[in-house]
Amino acid sequence: MVDLGKILGNGTEVARLQDVVDFIGSHQDDLVASAQIAHELPGLLRLLSSGLSDAGTHASKAGKALTGTSGATGRVGDTAAGLASISTSLSTVGTLVGDAAIDFSKVPLMGGPSRQLASAAHSVADTKKHLDTLAIDLKEISELLDTVGHSLERLGTTLGATGREANKFVR
């Protein structure tokens, strides 16, 4: 073993220096691995910041595709409004067919056609109910898509900002 006291002179805390040298000697592999990680860390941070920024951009684009009049939200909402309009028209048709059934029932020998018209009026009414339910469901889906879209846009903004902040560590 090397006598550090002779090399460094009297008054040096040789025991403490020897502890440091011994520690380095016994943990050499760990120190080399730590140095390698420290060497690779800037590249990893660049990759992380780039990935976060890209993810932010894609999340924002996805959010924008869902929201607005030209996005999925608007299209599903327009479909819901269209179905509600069709339902309103069917209601009018059902009323007219039902009224015709009542009028036919007053004409002698028209009981059969009258029952068929009444049955058709009930079918129209059932179809109207189903369309109303579908229109309500589509409106709710549109609102849900809008919420998801806005959340994705906010996520995109946050991821982009996080990526820019992470990039500051590697300049």
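Predicted model: local features only at pLDDT ≥ 70, side-chain atom pairs only at ≥ 80, totals over all residues.

Me: Fine. How do α4 and α5 cross?
Reply: Helix α4 covers residues 72-105, and helix α5 covers residues 111-167. Their axes come within 8 Å and cross at roughly 165°.

Me: What does that make α4 and α5 to each other, roughly parallel or roughly antiparallel?
Reply: Roughly antiparallel. The cut-off for that label is an angle over 145 degrees, and α4 and α5 cross at roughly 165°.

Me: And what's the handedness of the α4 and α5 crossing?
Reply: Left-handed.

Me: Which classes of residue make up the contact of α4 with α5?
Reply: The contact of α4 with α5 has 22 nonpolar residues, along with 11 polar and four charged ones.

Me: Let's zoom in on α4. Is Ser87 buried or exposed?
Reply: Ser87 sits in helix α4 and is buried, at a relative accessible area of 1%. Buried means under 20% here, so the 1% of Ser87 qualifies.

Me: What does Ser87 touch?
Reply: Lys128, Leu131 and Asp132, once residues up to four places away in sequence are set aside.

Me: Which of those has a side chain in polar contact with the side chain of Ser87?
Reply: Lys128 does, and the polar contact between the two side chains is 3.4 Å.

Me: What about Thr73, where is that one?
Reply: Thr73 is in helix α4 too. Thr73 is buried, with a relative accessible area of 10%.

Me: Which backbone nitrogen lies 3.3 Å from a polar atom of the Thr73 side chain?
Reply: That's the backbone nitrogen of Asp146. Asp146 also turns up among the residues in contact with Thr73, and the others are Leu66, Thr67, Gly68, Ser142 and Leu145, leaving aside neighbours within four places in sequence.

Me: Over to α5. How far is the C-alpha of Ala121 from the C-alpha of Gly94?
Reply: 4.7 Å, although Ala121 and Gly94 are 27 residues apart along the chain. Ala121 is part of helix α5.

Me: What else does Ala121 touch, and is it buried or exposed?
Reply: Besides Gly94, Ala121 touches Val97 and Gly98, not counting residues up to four places away in sequence. Ala121 is buried, with a relative accessible area of 12%.

Me: Where does Leu109 lie?
Reply: Leu109 is in the loop between α4 and α5.

Me: What's the phi of Leu109?
Reply: It's positive, about 70°, although Leu109 is not a glycine.

Me: Buried or exposed, that Leu109?
Reply: Exposed, with a relative accessible area of 86%. The threshold for exposed is over 50%, so Leu109 counts as exposed at 86%.

Me: New topic: at what angle do α3 and α5 pack?
Reply: About 160°, with their axes 7 Å apart. That makes α3 roughly antiparallel to α5.

Me: Which way does the crossing of α3 and α5 go, left-handed or right-handed?
Reply: Left-handed. By class, the contact of α3 with α5 has 11 nonpolar, 12 polar and four charged residues.

Me: Which residues does Glu153 touch?
Reply: Glu153 belongs to helix α5. Glu153 touches Ala59, Ser60, Gly63, Lys64 and Thr67, not counting residues up to four places away in sequence.

Me: Last one: where's Gly43, and how accessible is it?
Reply: Gly43 is in helix α3, which covers residues 28-66. At 32% relative accessibility, Gly43 counts as partly exposed.

Me: And how far is the C-alpha of Gly43 from that of Val170?
Reply: 7.9 Å, and Gly43 and Val170 are 127 residues apart along the chain.

Technical notes: Residues numbered from 1 in each chain as written. Heavy atoms only, no water. Helix = DSSP H or I, 4+ residues; strand = E, 2+ residues; numbered from the N terminus. Buried < 20%, exposed > 50% of the residue type's maximum accessible area, 1.4 Å probe, protein only. Polar contact = N/O pair within 3.5 Å; in protein donor to acceptor, adjacent residues only side chain to side chain. Contact = heavy atoms within 4.5 Å. Axes fitted to C-alpha atoms, helices over the stretch in contact; angles between N-to-C directions. Parallel < 35°, antiparallel > 145°, perpendicular 65-115°, else oblique. Left-handed = near helix turned anticlockwise from the far one by under 90°. Nonpolar A, V, L, I, M, F, W, Y, C, P; charged D, E, K, R; others polar.
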